[in-house]
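Here is a note for a colleague who is opening this structure for the first time. The points below are meant to be read with the sequence and the model side by side.

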Amino acid sequence: MNLNKTGVVISREYLNRVKKKSFLITTFVVPVLFAAICILPTVLMMNVKEKSQKVAVIDQSGIVMPYFEDTEAATFTDCSGEDVEVLRRELSDRGMDVLVVVSPRDSTGSVAVQCYSRKPAGVDFYDSIRSRANKAVEQSRIEAYDISGLDQIMKDVKADVKVGEYTLDESGNATVSESSIYMILSMVLGMLIYMFIAMFGGAVMSSVIEEKSSRVVEVLVSSVKATELMFGKIIGIALVALTQFVLWIVLTVVLVFGAGAVFGFSEMLSSPDMIGAAQTGMGGVDVAAMAQNSEASVIVTTLANIPWVTLIVCFIVFFILGYLLYASMFAAIGSAVENEADAQQLQLPVTIPLMLAFFIVFFAFKNPESGIVFWGSMIPFTSPIVMLARIPYGVAFWELALSAVLLLLTFIGMAWASARIYKAGILMFGKKSKWSDLWKWLKQK
């Protein structure tokens with residue numbers, strides 16, 4: 001294979017794609033969407049105030065109304081004794097949003113609650129009504145036993161055990177951690193790898209089909225070998241993917257920190273709790289100290305404990321190798337067909353391992369050391385996605401190395417097979433190819 005000619009193909013493929021309007025649009029729009037996903041929830045929580053509900057209450061039990069205390073989210077008006085049907089009809093005229101009807105107590109001392117409104121009041125509102133009614137019934141039942149101090153006894157026996165999560169280093173030092181952070185990061189990494197491999201691998205197949213259907217490939221193979229064209233196309237699109245990915249990261253970080261300065265997130269991140277949480281090294285675990293850790297500080301500490309350097313390096317390595325593996329298979333499929341419709345039946349066996357790997361990711365955060373997750377991170381067709389999902393939980397170096405070597409060897413074998421198929425199929429026209437045809441081309445010398 002002539003490296004100079006392959007380099008020309010790489011340059012052509014790269015420059016043609018980065019100059020397209022679609023590349024420029026997605027490069028600058030996607031970071032805006034990522035930044036919005038990061039920023040908008042916080043901005044909404046800081047600035048959006050919930051509309052206060054005006055609630056009319058008909059308490060037929062005589063025990064629940066005292067528990068309906070006014071809050072910023074709802075103000076309650078006692079309408080006990082009024083006719084339910086009349087109040088339902090006049091609810092809007094009287095300026096009320098919701099009618100809450102509490103039934104008389106049954107033989108067990110419980111009640112039933114019905115809520116009427118023109119528009120659904122929201123899950124939080126209904127949960128609040130349910131919680132207050134439950135408290136009223138519980139208190140009524142406690143009083144019915146007529147046992148002195150029973151209310152205090154019931155409060156004393158209730159337990160609220162806090163479970164602290166700590167990660168130990170090789171020296172036995174512990175740092176606070178939060179498993180939900182690992183779960184979110186695991187899912188995000190798995191989804192990113194899946195999305196990038198499927199998107200850019202599909203781009204290789206579409207490019208091959210486009211050149212074949214337009215007969216441009218006949219001109220190209222007169223100047224370069226088919227294998228040089230295939231690898232040039234794969235590597236060129238890989239460089240496009242890396243360029244776009246780097247730009248996405250840089251632009252997203254700039255937008256998030258810029259928005260943080262505008263909305264004052266930087267002050268929140270520089271609070272004493274945050275700074276203290278980010279400091280590493282806890283010689284021992286203190287339950288009292290654990291209780292003092294705020295939720296935000298635990299999140300920051302957990303993020304600080306993640307092996308970011310290993311994670312970034314492995315992301316690049318497994319993305320490149322995973323992309324090369326699947327891109328070579330997509331290129332072979334693209335060479336065997338003349339349009340996207342014909343490619344559907346051929347690409348299904350290729351996309352199934354990708355989908356399977358994506359589903360295994362959901363097991364990774366439940367049990368990262370389970371057999372299905374371990375083997376999913378070793379089998380080359382699923383390892384690019386599953387291994388990235390395992391890394392936040394900690395993976396031994398030998399496992400990372402073995403997985404990467406197996407993936408590399410599989411890519412080399414698959415690239416050899418795909419090159420043989422590509423060489424034969426790229427100039428085949430007027431016939432709908434089947435898997436048997438691909439097998440025949442593979443065996444050709």
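**Notes on the predicted model**

1. Phe-34 belongs to helix H2, and with a relative accessible area of 30% Phe-34 is classed as partly exposed. As the model is a predicted one, local features are reported where pLDDT is at least 70, and side-chain atom pairs count only at pLDDT 80 or more.

2. Aromatic pairs. When rings are paired if their centres lie within 6.5 Å, the count comes to 13 aromatic pairs. One of these joins Phe-68 and Phe-76, whose ring centres are 5.0 Å apart and whose planes meet at 10°, so the pair is stacked; the cut-off for that word is an angle under 30 degrees. Phe-68 counts as buried, since its relative accessibility is 5%, and Phe-76 is buried as well, with a relative accessible area of 10%.

3. The aromatic cluster. Elsewhere in the list of aromatic residues, one cluster is formed by Phe-196, Phe-200, Phe-245, Trp-248, Phe-315, Phe-319 and Tyr-323.

4. The pairing of S1 and S2. Strand S1, which covers residues 53-59, runs parallel to S2 and is joined to S2 by five bridges. Within this pairing, Gln-53 of the model is placed opposite Ala-74 in S2.

5. Seven salt bridges are found when the whole structure is searched. Arg-94 lies in the loop between helix H3 (84-89) and strand S3 (98-102), while Glu-82 lies in the loop between S2 and H3, so the pair ties together parts that are twelve residues apart in sequence. Arg-94 counts as partly exposed at 39% relative accessibility, and Glu-82 is also partly exposed, with a relative accessible area of 32%.

6. A salt bridge within a helix. Arg-130 forms a salt bridge with Asp-127, and here the closest N and O atoms are 2.7 Å apart. Both residues, Arg-130 and Asp-127, lie in helix H4 (residues 123-145), three residues apart, which is about one turn of the helix. Arg-130 is partly exposed, with a relative accessible area of 48%, and Asp-127 counts as partly exposed at 36% relative accessibility.

7. Are the partners in the salt bridge of Arg-390 and Glu-399 buried or exposed? The side chains of Arg-390 and Glu-399 meet at 2.8 Å, N to O, and both Arg-390 and Glu-399 are buried. Salt bridges also link Arg-12, Glu-13, Arg-17 and Lys-233 in a network.

8. Val-337 and Phe-429. Val-337 is placed in the loop between helix H13 (308-336) and helix H14 (340-364), and at 2% relative accessibility Val-337 counts as buried. Although Val-337 and Phe-429 are 92 residues apart in sequence, their C-alpha atoms are 8.2 Å apart in space.

9. Gly-236 and Thr-6. Gly-236 is found in helix H8, which covers residues 226-263, and Gly-236 counts as buried because its relative accessibility is 0%. The separation in sequence between Gly-236 and Thr-6 is 230 residues, whereas the distance in space is 9.6 Å, C-alpha to C-alpha.

Technical notes:
Residues are numbered from 1 along each chain as its sequence is written. Side-chain values use heavy atoms; hydrogens and water are left out. Helices (H or I, at least four residues) and strands (E, at least two) are DSSP runs, numbered from the N terminus. Buried means under 20% relative accessible area, exposed over 50%, partly exposed in between (1.4 Å probe, protein chains only). Rings of Phe, Tyr and Trp (its six-membered ring) pair if their centres lie within 6.5 Å; planes under 30 degrees apart count as stacked, over 60 as edge-to-face and the rest as tilted. Two strands pair if DSSP finds at least two bridges between them. A salt bridge is a side-chain nitrogen of Lys or Arg within 4 Å of a carboxyl oxygen of Asp or Glu.
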